[in-house]
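Visitor: Hi! I'm new to reading protein models. Could you walk me through this one?

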Amino acid sequence: MAFDIDMIKKVYATMGERVDIARKLVGKPLTLAEKILYSHLWDGNPDKVFTRGKDYVDFAPDRIACQDATAQMALLQFMQAGKPKVAVPTTVHCDHLIQAKSGAAADLKSANSTSAEVFDFLESVSNKYGIGFWKPGAGIIHQVVLENYAFPGGMMIGTDSHTVNAGGLGMVAIGVGGADAVDVMAGMAWELKFPKLIGVKLTGTISGWTAPKDVILKVAEILTVKGGTGAIVEYFGPGAKALSCTGKGTICNMGAEIGATTSTFGYDESMERYLRATDRADIADAANEVKEHLTADDEVYANPEQYFDQVIEINLSELGPLLNGPFTPDLSTEVGTSMTEKATKNDWPIQVEWGLIGSCTNSSYEDLSRASSIAQQALDKGLKMKAELGINPGSEQVRFTAERDGILGIFEKLDAKIFTNACGPCIGQWARYNDPKNAPKNSIVHSFNRNFAKRADGNPNTHAFVASPELTAAIAVAGRLDFNPLVDTLINENGEEVKFDEPTGWELPPKGFDVEDAGFVPPMEDGSGVQVVVSPSSERLQLLEPFTPMQPESLQGVKLLIKAFGKCTTDHISMAGPWLRFRGHLDNIANNTLIGAVNAFNKKTNFVKNQLTGEYGAVPDTQRAYKAKGIKSIVVGDHNYGEGSSREHAAMQPRHLGVGAVLVKSFARIHETNLKKQGMLGLTFANENDYDLIQEDDTFNFIDIAEFAPDKPLTLEVVHSDGSKDTIMANHTYNDAQINWFKEGSALNVIKRENAQ
Ligand code: F3S
């Protein structure tokens, strides 16, 4: 039903030749990451060597995956492209919009009612354009992708940062913004800076209480949250081969927490076992035929320092279980006495109130089975849970099989809550408190990936620690952060001293996977007759109108909307949190535009001067007042403007509200590209100090915008309120094609016109 073996065979058919050409061009043995990258070039066979960390390269991904929160705007945009079907196999997964509250059945029912219009929209668009649809309750996107679509040597993009999870099955899988996904859906290339390469050699073997999670928690400690930026992390060595495929997925998943572009492992027997267990023997057979291309050349792993930009070695035999947190995933503490000391010193609550097992990171059959072995011991040894326990299985296939095998029953005997197969508490969809802002200080332990303040329950006082599922289960039983199951004992209901044995589990279900309804809805063969209905009165969805091109005359008399001071990330430009529900409604979400940006003139947020009235007000209101009068505006910013997530809303909202240009000291590159795609001007000060010339009542004239051309700076006349003027130069990085986007109103308008020709 799901994967496309013909497409995979096509990838494998050309891989050998492309890898050989690339090896000759590069002039040395290749890493796995290089093999996958060079065999997925947009132009086909490689004809030049790319410089890591420098060259921008066009790629042709094999697949796209979207989750429900990001898919809304991505698909609304795709509908604008005028294509009858997506150009690349694509799936949509409903997993982010389901709250964890009472338990799976009730929670799913409630989500199906509160988000019905969003789910219905996603399903009908999927049906129309040939997209596979995974309905609410089918599972978490990355677990479902690993079970159904990931394949060794493939390249995938997804509109979620943890798309990287598919590296566990030997892919190069990368999280992108919706605008990038739309380009690929519409048949265009996908651009990426050729990444640097970090090699992680794993020696020794994992055993006892140590889990794959501890490998990535250790890597996070070593590299920190920024250490992987711009790099692909490639794991190898005997320790890597001995890990299960889903364990490899866990490690790749949390590569997002060290900022890595993605992470991957070479094809091995664990992947073959997983492919066969998940009903994909034909992929395993096809992969076996090209397996020398699905891992690095032998010489690379023999002398990694010569081929990677950085090499780390971890001896798994010496690695113990770790707890990372609170508030950041790279703060590692070994279980036991070091935690007692740290928690006391930092005033972290020792008592643990919840243990949560699940998320795309750790919700496999193996994860649940190992955690259940601890739960079973608690029952056998007469221990009572000191903390509450919540479980989110990764997919319906995992849930069904775990229920059949009695795993879920063990948790239930301990009064654990089995939540929906969905993200739930991992994305703040956890109805833990009525009033999270005023909730008490407390500690929780979970097997998720992110533990920033407020992430799980909205309570800034919740100290969240990340651990393996088995350690999470043990700590939930003990109810203490400093519990070390390797040495500590607990007193049971009969007053006896008892100790946990090491966790045990199954890499794969001994009786095989099973499921009655996996939750997949295939699209119609011919979806042309499908009507996508969006109610005009909906507050969550709004069909998009094409942006109209900005004429040169509209860029005269442009008003300053805000001069942003200091950091201005995509969160400052388009906040998340409660605004998530409007991700599919451009006009409604535009009411958060730049409300987090600090006004350089009064150091306040969301408080700017309306030049038409002289009064101060909210940024969106002020901008709407300019729009009502047909006046364009400009946003001025500092360095690295638009850093953070790749969400295209941060460019679409200002465009929708009538902002014409963004002029900054420097851009975060993805945001700059997003501005270009939406037909806006993204400019940088030729002279950084000109930022200081900009005053609160300034008006801008784009003197030579009619001659907008590549490599030619634009001239801006800045008229101050006293009538004095400054002329400043603004640099840009638009090429011919991107100038065309500007001239036609947006990249999508260009695609649509080309499609109609
Ligand atoms: Fe969902 Fe959390 Fe993963 S939000 S996709 S389970 S990181």
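Guide: Happy to! With 757 residues, a compact globule would have a radius of gyration near 27 Å, and the protein agrees with that at 26 Å. The radius of gyration is taken over C-alpha atoms, and the globule rule is 2.2 Å times the number of residues to the power 0.38. This is a predicted model, where local features need pLDDT of at least 70, side-chain atom pairs count only at pLDDT 80 or more, and totals for chains, interfaces and linings use all residues. Residues are numbered from 1 along each chain as its sequence is written.

Visitor: What box do the C-alpha atoms fill?

Guide: Roughly 85 × 60 × 55 Å, taken along the principal axes.

Visitor: And how many helices and strands are there?

Guide: There are 25 helices and 30 strands. Both are DSSP runs numbered from the N terminus: helices are H or I with at least four residues, strands are E with at least two.

Visitor: Which domains does the assignment give?

Guide: Domain 1 (19-318), domain 2 (322-498) and domain 3 (552-756). Such bounds come from an automatic or database domain assignment. The centres of domain 2 and domain 3, taken over C-alpha atoms, are 44 Å apart.

Visitor: How much of the protein is buried?

Guide: Buried residues make up 56% of the 757 residues. A residue is buried if 20 or more other C-beta atoms lie within 10 Å of its own, exposed if 12 or fewer, and partly exposed in between, with C-beta atoms placed from the backbone.

Visitor: Switching topic, which residues are closest to the ligand?

Guide: Ser-359, Cys-360, Cys-423, Cys-426 and Ile-427 are the closest, out of 13 residues that surround the ligand. A residue is near a molecule or strand if its C-beta atom, placed from the backbone, lies within 6 Å of it.

Visitor: Which domains does that shell draw on?

Guide: Domain 1 (19-318) and domain 2 (322-498) each supply at least three residues.

Visitor: Can you show me a single residue? Why does Leu-471 count as buried?

Guide: Leu-471 counts as buried because it has 30 C-beta neighbours inside 10 Å. Leu-471 sits in helix α18 (residues 469-478).

Visitor: What does Leu-471 touch?

Guide: Leaving out residues up to four places away in sequence, Leu-471 touches Trp-209, Pro-321 and Val-335. Two residues are in contact if their C-beta atoms, placed from the backbone, lie within 7 Å. Across the protein, 78% of the contacts with a separation of 6 or more are between residues 24 or more positions apart.

Visitor: Which residues have a positive phi although not a glycine?

Guide: Lys-603 has a positive phi of about 60°, and Asp-711 also has a positive phi of about 60°. Lys-603 is in the loop between α20 (586-589) and β23 (608-609), while Asp-711 is in the loop between β28 (699-702) and β29 (714-719).

Visitor: Is Lys-603 buried or exposed? And what about Asp-711, buried or exposed?

Guide: Lys-603 is exposed, with 10 other C-beta atoms within 10 Å. Asp-711 is exposed too, with 9 other C-beta atoms within 10 Å.
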